[in-house]
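Biologist: Please put the model up, and then I will ask about it.

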Amino acid sequence: MNATIALAGNPNSGKTTLFNELTGARQHVGNYPGVTVEKKEGTYKQDDISLKIVDLPGTYSLTAYSLEEVVARDFLVQEKPETVIDIVDASNLERNLYLMLQFMELGIPVCMALNMIDVSEKRGIEIDTKKLSELLGIPVVPTIARTGKGKQELMKAAADLVGSNTKPLPLEISYGDDIDNALAEMEVMITDAMFLTQTYPARWTALKYLENDEQIRSIGDAKNPGLSAKLKKITDRVSSHISNTLNTYPEAVIADHRYGYIRSIIRQDVITYQQDQDRLRISDKIDRIVTNRFAGPLLMIAIIFGLYQFTFTYSETPVGWLESFFGWVGGIAETNLPDGLVKSLIISGIIDGVGGVLGFVPLIMFMFLGISLLEDSGYLARVAFMLDRVFRIFGLHGSSVMAFIVSGGIAGGCAVPGVMATRTLKSPKERLATLLTVPFMNCGAKLPVFVLLIAAFFAENKAMMMFIITLIAWGGALLAAKFLRMTVIKGASTPFIMELPPYHLPTFKGLAIHTWERTWQYIKKAGTVILGISIILWAMMTFPGLPETQTQIFEQQRQTLLSAAPSAVVAEIEAPDGKKDDETEISEPAQQLNDKLLAVDRVEAETALKHSIAGRFGTALEGLTQFAGFDWRTNIALVGGFAAKEVVVSTLGTAYSLGEVDPEEIGSLSDVLANDPGWNPLVAFSLIIFTIFYAPCFVAVVCIAREAGSWKWGAFSMVFNTVIAFILSITVYQIGSIIL
Amino acid sequence: MDIIIVSIIIAAAALYIGNIFFQKFKAARSGKSGCGCSTCPEGKNCNAAYPSSNNSLNQ
Amino acid sequence: MQKLGMRQMKKKQSGTITSILADGELGRRIRDMGLVPGTKIQIMGRAPLYDPVALRAMGFTLTLRNNEANYIIVEVEEAK
């Protein structure tokens with residue numbers, strides 16, 4: 001059997017869980033053509049049944065008001081899947097039936113997965129599935145997607161539907177005389193003219209005209225302007241009549257009647273309640289505290305701070321192991337590779353570059369684990385609920401909270417999906433303000449930068465520092481949004497109607513999957529993009545090498561030192577296992593000579609570095625950046641950060657590694673920075689501020705340009721952000737220098 | 001000898017990175033879909049790792 | 001039996017919706033979620049800054065801004 005089944009349902013009905021259960025690993029994630037709405041496809045195989053499953057976006061209805069709904073219904077009428085499985089939350093049957101009716105009105109073969117019946121049973125909600133099935137005229141299969149219960153029966157029912165090959169008649173609900181008469185009139189006209197009848201049932205098209213459905217109307221205008229105009233006239237007639245007699249309008253009457261129809265079904269003893277439904281549920285009790293006037297915000301702060309504390313504390317050991325590991329690998333390379341360019345590339349470019357980024361994987365993983373926990377439990381919806389009012393003061397929207405969090409509002413995210421999450425904001429003003437400020441968040445790529453600097457300079461107060469960084473990022477974003485709002489045109493606000501799903505104890509499996517997926521992405525990026533960029537930056541920091549004349553001068557200096565020293569001492573140093581063996585005690589004068597030689601090497605290395613392309617570029621920028629406390633090495637790193645923020649860390653790793661000539665001094669990058677005289681907490685803090693605010697990485701800029709509709713906005717975000725970053729870090733550094 | 005090896009590696013890295021960025025550029029210009037994350041192939045949705053845009057928060 | 005805009009309802013108060021005054025997308029969204037005349041609702045609470053409001057209807061919890069709740073007229077029950 002070769003058929004396609006579409007999976008539909010309300011958000012939070014367990015659709016994704018069911019999809020995962022049915023398709024297992026046989027999934028493929030893509031996009032619906034031309035839009036960034038997620039399209040998940042997979043295959044279901046059982047015995048001799050093999051079905052293609054397409055996961056439609058979760059929706060409450062099929063209007064033309066949102067991209068997801070249009071995508072869902074376009075898929076249904078154009079791709080014409082053989083069957084639709086509507087996943088219904090058994091505890092929410094009434095509201096879930098609203099969507100079901102719309103499938104039935106479209107005349108699509110549909111069967112119902114009555115999901116989460118364990119939850120509904122616990123709440124004392126008993127559903128007579130047989131009665132429900134009879135009254136609706138469709139198969140109803142109880143399921144628990146989380147455990148897979150009912151899966152086979154469901155797919156058998158679906159397969160049967162496909163096999164029976166019957167096209168059900170579109171459901172016709174009565175919408176009251178006024179509308180019913182108009183529908184009849186329009187239906188005749190539509191059928192006669194074969195107006196869109198290939199795709200949509202005639203009555204459905206008529207209904208959409210009455211509902212003022214933008215998509216259908218514009219399709220109609222294009223297809224048959226004359227008829228479309230006539231249909232619109234009928235609509236206007238009915239509208240004014242309803243407005244005069246009932247003081248409402250067709251779309252409202254239609255919605256009301258749909259629920260009336262639903263109630264007429266439900267009322268026939270489909271549901272029996274064994275418990276008082278008004279009783280407070282556990283979720284409600286939790287919410288009493290979590291969204292409480294005083295406890296709510298305090299709890300939010302405590303949770304976020306607690307997350308940071310947890311992450312820093314438990315990741316410290318694993319991060320230490322990784323640092324040692326990379327140090328050890330570096331050591332082996334140092335001893336075993338012949339001196340030369342390849343060795344430098346491998347050690348300074350690759351190991352010290354990418355290693356700097358990979359070393360933080362355990363920390364990143366703990367952070368992601370915490371975020372997944374907050375998301376999967378449903379807590380973040382409460383955060384949006386509590387912050388909506390605050391966000392509105394700054395010209396943003398409660399839904400912007402989600403975009404912020406996705407971008408790394410708490411920690412570890414990416415501005416790219418955050419920018420895309422703004423698609424749900426209808427007001428151009430809200431959207432633009434949100435998408436220009438989400439790059440300020442602590443994305444996963446900026447985390448290594450912060451962690452590096454915190455470990456080096458703020459080791460006593462890691463969690464607190466991270467928390468302060470988060471506050472600065474949010475504060476900056478909100479203020480920037482307010483500023484932008486005052487300069488961007490007004491628009492109608494997006495409704496903030498949001499369901500608060502019951503709290504839900506995340507499954508271990510779900511947490512593990514979410515955490516691992518993101519961690520793996522971080523690792524992959526390090527091993528590919530960051531690696532590539534590190535190599536390129538190494539090249540820019542190595543070439544052109546010092547000219548002969550210069551190297552000769554340094555060699556001269558070394559020779560001078562060697563000839564000045566007594567031959568016995570020289571012999572000590574140049575013994576075969578001399579410099580490399582740090583267990584052999586060498587005499588005081590030998591030690592001094594060694595140190596002096598190393599000093600020459602160091603100066604040579606630094607001169608070479610400054611002489612390279614990157615070095616010259618970094619030095620050139622020093623004129624400006626010195627006011628923020630940045631030296632030429634930091635400048636190179638920040639420029640590298642335009643490609644990807646992790647590169648700031650990897651570049652610093654390479655730059656200091658190239659300057660590090662004593663192979664016995666293998667310290668982690670944070671140790672190196674902490675001991676470097678050019679660095680101190682103020683410089684670190686200034687760099688942190690700069691990193692929070694400056695231009696988004698290239699990929700994010702492209703995304704912003706695309707979502708905002710013009711490259712102008714992409715360029716704006718680069719310039720605007722960098723200027724803010726400079727102003728802030730210079731201010732911080734200058735004031736700090738005076739006070740401290 | 002060294003310089004040859006190193007040049008090859010650098011060239012390979014440059015091509016690789018250049019290609020990634022070029023792909024992103026191209027995708028943006030043609031208005032094609034895709035999340036744009038540098039590690040995702042075109043069209044793959046990183047919403048798998050981040051909250052989906054069609055969760056209860058959005059209508 | 002009093003008729004109030006939902007905005008004016010107090011926490012724990014319940015009632016039945018009598019009419020929705022909103023149109024366009026907002027009106028549609030409100031109705032799609034089941035807030036239609038005849039639906040029983042109960043106010044669960046409000047956010048720390050008194051906005052948005054959380055209410056229970058048909059077994060689930062919904063949040064709305066106060067200026068959106070304004071459009072929903074509810075016949076409130078007598079205090080129990």
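The questions below go from the chain contact to the sheet, the hairpin, the core and the domains.

Modeller: This is a predicted model, in which local features need pLDDT of at least 70 and side-chain atom pairs count only at pLDDT 80 or more, while totals for chains, interfaces and linings use all residues. Residues are numbered from 1 along each chain as its sequence is written, and chains are lettered from A and ligands numbered from 1 in the order in which they are written.

Biologist: Which element supplies the largest share of the side of chain C that touches chain A?

Modeller: Two residues are in contact if their C-beta atoms, placed from the backbone, lie within 7 Å. The contact takes 34 residues from chain A and 32 residues from chain C. On the chain C side, helix 1 (24-32), strand 3 (40-46) and strand 5 (60-64) each supply at least two residues; helices (H or I, at least four residues) and strands (E, at least two) are DSSP runs, numbered from the N terminus. The largest share, eight residues, comes from helix 1 of chain C.

Biologist: Which residue of strand 5 of chain C is the bridge partner of A:M498?

Modeller: Strands count as paired if DSSP finds at least two bridges between them. Strand 10 (residues 498-500) of chain A pairs with strand 5 of chain C in the antiparallel sense, over three bridges. Within strand 5 of chain C, A:E499 has C:L62 as its bridge partner, and the partner of A:M498 is C:T63.

Biologist: Why is one side of strand 10 of chain A left without a neighbour in the sheet?

Modeller: Seven strands form an open antiparallel sheet in the order 10(A)-5(C)-4(C)-3(C)-2(C)-6(C)-1(C). Strand 10 of chain A and strand 1 (2-5) of chain C stand at the edges, so one side of each has no neighbour in the sheet, and each has a single partner strand.

Biologist: Which residue takes a positive phi in the hairpin of strand 3 of chain A and strand 4 of chain A?

Modeller: Strand 3 (residues 38-46) and strand 4 (residues 49-55) of chain A run antiparallel and are joined by seven bridges. A:Q46 stands opposite A:I49. The hairpin has two residues between the strands, and the one with a positive phi, near 50°, is A:D47.

Biologist: Which residues touch the most other members of the largest nonpolar core?

Modeller: A nonpolar core is a set of buried Ala, Val, Leu, Ile, Met, Phe, Trp, Tyr and Cys residues joined through C-beta atoms within 7 Å. A residue is buried if 20 or more other C-beta atoms lie within 10 Å of its own. Of the 247 residues in the largest core, those touching the most other members are A:L7 and A:L453.

Biologist: Is A:I688 buried or exposed?

Modeller: A:I688 is found in helix 30 (residues 681-693) of chain A. Leaving aside neighbours within four places in sequence, A:I688 is in contact with A:F450, A:L453 and A:I469. With 24 other C-beta atoms within 10 Å, A:I688 is buried.

Biologist: How far apart are the C-alpha centres of domain 1 and domain 3 of chain A?

Modeller: Chain A is divided into domain 1 (3-164), domain 2 (177-273), domain 3 (295-485) and domain 4 (546-606), with bounds from an automatic or database domain assignment. The C-alpha centres of domain 1 and domain 3 of chain A lie apart by 36 Å.

Notes:
Buried ≥ 20, exposed ≤ 12 C-beta atoms within 10 Å, placed from the backbone.
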